[in-house]
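Reader: I am new to this one. Could you walk me through it and tell me what the labels rest on?

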Amino acid sequence: MKAIGKFILLKPEEFDSWLELQKTSRAIRLVQLHHTYIPAYKHFKENNHFALCEAMEQAHLERGFAEIAQNFTTFPDGKIMVCRSMNIIPAGIKGANKNGICIENVGNFDKGRDVLSELQKGTILSITKSLLAHFKLIPNDQTVVYHHWYDLNAGKRIKVEGIGVTKSCPGTNFFGGNTVADFNAYLLPLLK
Ligand SMILES: [Zn+2]
């Protein structure tokens, strides 16, 4: 564990003991999964976790957010940065923030771009499972959500894949794809 200001960098095996100590006052009903797009893998230099988070925070401040948008960031080496306190509503998905926890995964996981490393894959699975268990949520496509499933303008879930104004986030190749059907086929079984 290493902290600089509010940012706390954890090894994957340190996450559960950190989480156990947290007192979260707001109701949590879902975990959001994203990719950062930029920074991508080429921007990760093994030892620049803090610099990347500080740069993301700067970009988010310039967009008018009060601080870095996400509660957690995962890295290609499997490490986890605590970014925004879980007690503060994230700025992750319009329509899914109030009761959400936002995880940003460093990389661009669209088809033909970064290939999710085994270490980061393991961390995404383990922290998502830990957060679901901590908040007593059953894994399904209501408790774990992809940014792609929400209409960016309406701030609501899209009813039919391909309809509405959406982002590809967390990437068209994120654990086999970014649709609800992909999630149910590929990621959900790994969360059980
Ligand atoms: Zn996103």
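Author: Happy to; here are a few labels and the values behind them. Please keep in mind that this is a predicted model.

Reader: What makes His34, His147 and Cys169 donors of the zinc ion?

Author: Donors are N, O and S atoms within 2.8 Å of the metal. His34 (ND1), His147 (ND1) and Cys169 (SG) sit at 2.1 to 2.2 Å from the zinc ion, so they meet that cut-off. Along the chain their spacing is H-x112-H-x21-C. His34 belongs to strand E3, while His147 is in the loop between strand E7 and strand E8, 113 residues apart.

Reader: Why are His34 and His147 called buried?

Author: Buried means under 20% relative accessible area. Both His34 and His147 fall in that class.

Reader: How do you know that the span of helix H3 agrees with its number of residues?

Author: Helix H3 covers residues 118–134, which is 17 residues, and at 1.5 Å a residue it should span 24 Å. Its end C-alpha atoms are 24 Å apart, so the two agree. Among the buried residues of H3 are Ile124, Leu125 and Leu131. Lys136, with a positive phi near 55 degrees, follows H3.

Reader: What lines the largest pocket?

Author: The lining has 28 residues, and Thr36, His60, Arg63, Glu104 and Lys167 lie nearest the centre. The volume of this pocket is about 540 Å³. Helix H2 gives the most, with five residues. By type, the lining divides into 15 nonpolar, eight polar and five charged residues.

Reader: Where does UniProt place the feature "domain: N-acetylmuramoyl-L-alanine amidase"?

Author: The unreviewed UniProt entry places it at residues 26–171. In the model, that span is 21% helix and 17% strand.

Methods. Residues numbered from 1 in each chain as written. Predicted model: local features only at pLDDT ≥ 70, side-chain atom pairs only at ≥ 80, totals over all residues. Heavy atoms only, no water. Helix = DSSP H or I, 4+ residues; strand = E, 2+ residues; numbered from the N terminus. Expected span 1.5 Å × (residues − 1). Buried < 20%, exposed > 50% of the residue type's maximum accessible area, 1.4 Å probe, protein only. Donors = N, O, S within 2.8 Å, 3.2 Å for Na, K, Ca; no water. UniProt positions renumbered as here; feature names shortened; annotations may be inferred. 1 Å grid on protein atoms, 1.4 Å probe; cavity = no way out; pocket = protein on both sides within 12 Å on 5 of 7 lines; lining within 4 Å. Points joined across faces, edges and corners; volume = space filled by probe spheres on them. Nonpolar A, V, L, I, M, F, W, Y, C, P; charged D, E, K, R; others polar.
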